[in-house]
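Reader: I would like a close look at one side chain and the part of the fold around it. Please keep it brisk.
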Amino acid sequence: MDIHLLLNVFVFLLAGCVVVPLAQRFKLGSVLGYLIAGVIIGPFVLGLIGEAEKVMHFAEFGVIMMMFLIGMELEPAILWRLRRQIVGLGGLQVTLTALALMVTGLLLGHSWQASLAVGMALALSSTALVMQMLREKNLTHTVVGETSFAILLFQDIAVIPILIIIPLLASSLHLGVLPVDGEHTTSLIAHWPAWLQPVAVVAVIAGVIFSGKYLSRYVFGAIARANLREVFTAASLALVIGVTILMELVGVSPALGAFIAGVVLANSEYRRTIETDIEPFKGLLLGLFFISVGMGMDFTVLGAHPVGLIAAVVCVMAVKGLLLFGLGRVFRLDTAPALGLAFGLCQGGEFAFVLLQLIGGMRIIDPEIQKFLVLLVALSIALTPILIAVYGKFIQPMFMSRLPERNYDEIDENNPVIIAGFGRFGQIVGRFMVSQGVQVTVLEKSPEQVELLRKFGSKAYFGDATRLDLLRSAGAEEARMLVVAVDDADSAVEIVRLSKQNFPQLKVFARARNRRHAFDLDRAGADYYHRETLDSSLTLARDAMIALGYPKADIERKAKKFRNHDIETLKRSFEFFESEPEMINFTKLSREELEGILREDQQDA
């Protein structure tokens, strides 16, 4: 066995395990942690591993797996809904950014071919970085998340024409002589007639779609019937690798091919199993990708051109950021989401490393400039988590703090029920009431959530229910009931207290996160409170007992008694809530009381 290989694997795993938790501890995010780990073990710091380029080629497979899993989360209907952002916003971003960077290159004295080639490479952003950060911060389904995804998807599609344009630029620059070795392309159709190449690409993509839609169910069905989990995992990995190889052979972006395969399998009955099998490999390979980016940072270039490199990084990120912000506003995004786009997508992307290698191999740019640009992209990726942290901590709160004075919606209806908070809890309450013909007024303080609800046909007003004037405009003086379903526990207590003090006729029903929160709501004057996990947890316990073979009627009856006893003792426990010794004693007595009730039930049965 190759001890050198094992040592490299050990170094990679140890660096990730040590540095990434520290980065998370200081709220820097896992991506920046991986980058820092790569810098530390790379050839320019400790030199523990020196082959960053080979590692990156392997680690790029993590990006491909991520695109496959993203595709499986989307159905064609969702892509159709985002078509305006994908084609319009994404297309304009790539085109305008490439042109702006091309003009910058021309002003610096470079040829138009080199300026355009580099402009197209730097116009792309990091899908791996941005999607990872959006998932970590639970922003995937917000306005910023969906718009970012749409732009990134178009960028991945744009890699195909960029790969076609770059050889043409090289041919133009070198007067028809194409200075590229065969090693720079693995495409089998590169030497086919120009008209036949797109036909072959379309045929291959159609074959992937047909196989995924009609053949995959039989293949995965046969493997599932074998009841061997490791074989199913192997088949899932083989699917992604096979699509990647196929796309490479026809010169198509492997990430785009993997995304198409994922979309095709989005409605498969084996979707969740495939996702579960691939997710751990994706996470490890993505971490490896970011470590390899950190390893590839050639700090000798930074030492030789510190001012020029820093200026170039700032220039590229500023140009991309300003264009993204402007396009976001043109496409009617609010200021905060538009700034989120600018801060989140202003870096270079992982495909830039591939394109810059191709551009350098075709001698469109000098090798020294190629090294300079590779470090520029790597530094921009490393700076992005810091920019996102600054945006989340300082810029977004600054804009959100201004919204109450000027941007709350005008409420033009008075209904018998007001619902404050329309997340996962409030939506169920609202949907049930509306289905029974009850008219409700929904208040939600997240503008992204309001916009998302409106896209799906739900009417909601942007506003913070902790404000008395907003409750009055929502008709709290005439309403019969207020349902408090906000996520923040302190805000919920404040809404209850404010409502009971100013609208005594209003029945206030509140969502409680736990027993302590229920105590606070009770003290604030809530007429009714319900812990959000009580029924779901008890239902699961009841169904589990029935599945174990216990009589269904007995278990259902005992579950009902358990629930009633729990609600009753919760109310009684408030008398001892501030005294830990008395509370512990009361809890023990309540447990014994419950056991006695259930024993009596067994005897009665």
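What is the relative accessible area of tyrosine 528, and is the residue buried, partly exposed or exposed?

Author: Tyrosine 528 has a relative accessible area of 36%, so it is partly exposed. The cut-offs are simple: under 20% is buried, over 50% is exposed, and partly exposed lies in between, with a 1.4 Å probe and protein chains only.

Some ground rules come before the fold. This is a predicted model, in which local features need pLDDT of at least 70 and side-chain atom pairs count only at pLDDT 80 or more, while totals for chains, interfaces and linings use all residues. Residues are numbered from 1 along each chain as its sequence is written, and side-chain values use heavy atoms, leaving out hydrogens and water.

Now the whole chain. It holds 25 helices and 6 strands. These are DSSP runs numbered from the N terminus: helices are H or I with at least four residues, strands are E with at least two. Of the 605 residues, 49% count as buried. The chain exposes about 30300 Å², and carbon and sulfur atoms supply 63% of that. Such areas come from the Shrake-Rupley method with a 1.4 Å probe, and for residues only the protein chains shown count as cover.

Next, the sheet. The 6 strands form an open, parallel sheet in the order β3-β2-β1-β4-β5-β6. Two strands pair if DSSP finds at least two bridges between them. β3 (461-462) and β6 (528-531) stand at the edges with a single partner each, so one side of each has no neighbour in the sheet. Helix α22 (residues 515-524) packs on the sheet and touches β5 (507-512) and β6. Here a contact means heavy atoms within 4.5 Å. The direction of α22 makes about 160° with that of β5. Axes are lines fitted to C-alpha atoms, for helices over the stretch in contact, and angles run from 0 to 180 degrees between N-to-C directions.

Move along to β1 (residues 417-420). It runs parallel to β4 (residues 481-484), joined by 4 bridges. Isoleucine 418 has leucine 482 as its bridge partner there. β1 also pairs with β2 over 4 bridges, again parallel. Isoleucine 419 faces valine 442 of β2. In β2 (residues 440-444), 5 of 5 residues are buried. Two parallel bridges then join β2 to β3, where leucine 443 has tyrosine 461 as its partner.

Last, the aromatic rings. The whole structure has 2 aromatic pairs. Rings of Phe, Tyr and Trp (its six-membered ring) pair if their centres lie within 6.5 Å; planes under 30 degrees apart are stacked, over 60 edge-to-face, and the rest tilted. Phenylalanine 343 and tyrosine 391 have ring centres 5.8 Å apart and planes at 35°, so this pair is tilted. Phenylalanine 343 lies in helix α15 (residues 335-344) and tyrosine 391 in helix α17 (residues 367-406), so the pair ties together parts 48 residues apart in sequence. Tyrosine 391 is buried, at 9% relative accessible area.

The rings of phenylalanine 509 and tyrosine 528 have centres 4.9 Å apart and planes at 35°, so they are tilted. Phenylalanine 509 sits in β5 and tyrosine 528 in β6, 19 residues apart. Phenylalanine 509 is partly exposed as well, at 29% relative accessibility.
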